[in-house]
Amino acid sequence: MAHRYLQGIKSNPLFNKTIIKLLPKTDLHCHLDGSMRLSTLVDLAKKQGVKLPTYNIEELNTTVFKDKYQDLNEYLVPFHYASAVLRDVESLERVAFEVAEDCFSEGVRYIEIRFAPHLHVIPDKLSVEDVIIAVNKGLRHAADVFNGINDDVHKEIAPKYMYGIIVCGMRCFNEHFSPFFKHFCEIFKYENKKKMYGLATLQLAKVAVDLRDNKGIPIVALDIAGSEAHYPAIDHSEAFRFAHENFMNKTIHAGEAYGPESIFQAVTNCYAERIGHGLKLFDDTFFHPETPVVDKKNIWMAHKIYCKQKDMCRGLSDKQLSNRPSN
């Protein structure tokens, strides 16, 4: 179903589906669990005894994986079902291969697959390292297959099929999120929750740097995802500082379900070089009442600078940016 913002835009006959498929492309925001084939979800759920609302794919498409959602929290519900079937090496490797296969089949030459390893960990059985290594194995297999059968890649007249991995911490969590988080919450049950959220992401960042540096796994960035409102990025600033000090890129989901100040915080407190979604960047009606006026002015100034550097974000001119309100 076409996005409502694209409705009414005339298609260019020079760029038909065949041409678009042949053009080398990138996908820099691809969620592993969010890109799983529904047939695979149903197959794995049946094999593992994971309960789904229905095992009929057509019904799943109307009741769970819908065209529209009321808000971000409702949108995140399907991810819980996908994560629940990705808690063994074989399933993780299979889904990683299939997601890459689907992307490469559409002409995507470079993908960045992101996922939250803690959602898949089972204490004393499947570690964070095991999860990331399994996903990497599936992605590498897909890249090897497509590079192996493409004559233009062999002749070096077309780019290779490549991938990078982005690991995501969770903005918030509780004991029901996964077996790992149940165990983690029990260990730190006397800890301040916000500090606990940040601690989990910091540990993930340390694992990611180690696997990148010592195992050669192409982990290209650290991210945080999940419910945004009331769970600010600054809770995870120590993790992003660690990533920054160890030359790992930073990308943060922000401005998706909260105002522009969320984006500002991600950039200034967490060194974010890329913002995921940022839907509310240019709308001052999304500033929340608790945001001081002086902060609003600083946020708009930072966004003007940020967006001039990221022209592809919206393609706005200097004149258009200068006309944005500052209070």
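Guide: A salt bridge here is a side-chain nitrogen of Lys or Arg within 4 Å of a carboxyl oxygen of Asp or Glu. By that criterion the whole structure has 12 salt bridges. This is a predicted model, in which local features need pLDDT of at least 70 and side-chain atom pairs count only at pLDDT 80 or more, while totals for chains, interfaces and linings use all residues. Residues are numbered from 1 along each chain as its sequence is written, and side-chain values use heavy atoms, with hydrogens and water left out.

One of the salt bridges joins the side chains of Arg37 and Glu101, with N to O at 2.7 Å. Arg37 is in the loop between strand 1 (25-31) and helix 2 (38-48), and Glu101 is in helix 5 (residues 89-105), 64 residues apart. Helices (H or I, at least four residues) and strands (E, at least two) are DSSP runs, numbered from the N terminus. Arg37 is partly exposed at a relative accessible area of 27%, and Glu101 is partly exposed at 24%. Buried means under 20% relative accessible area, exposed over 50%, and partly exposed in between (1.4 Å probe, protein chains only). Arg37 and Glu101 also belong to a network of salt bridges that links them with Asp43, Lys47, Arg94, Glu98 and Asp102.

Now helix 5 itself. Its 17 residues should span 24 Å at 1.5 Å a residue, and the end C-alpha atoms are 24 Å apart, which agrees; the expected span is 1.5 Å times one less than the number of residues. At the start of helix 5, a side-chain oxygen of Asp88 comes within 3.2 Å of the backbone nitrogen of Glu90. After helix 5 comes Gly107, with a positive phi near 90°. Buried residues of helix 5 include Leu92, Val95, Phe97, Val99 and Phe104, and also Glu98. Among the elements that cover these buried residues are strand 1, helix 2, strand 2, helix 6 (128-149) and strand 3 (162-170), where contact means heavy atoms within 4.5 Å.

Elsewhere, Arg114 forms a salt bridge with Asp223, the closest N and O atoms being 2.8 Å apart. Arg114 and Asp223 are both buried.

Note on methods
Polar contact = N/O pair within 3.5 Å; in protein donor to acceptor, adjacent residues only side chain to side chain.
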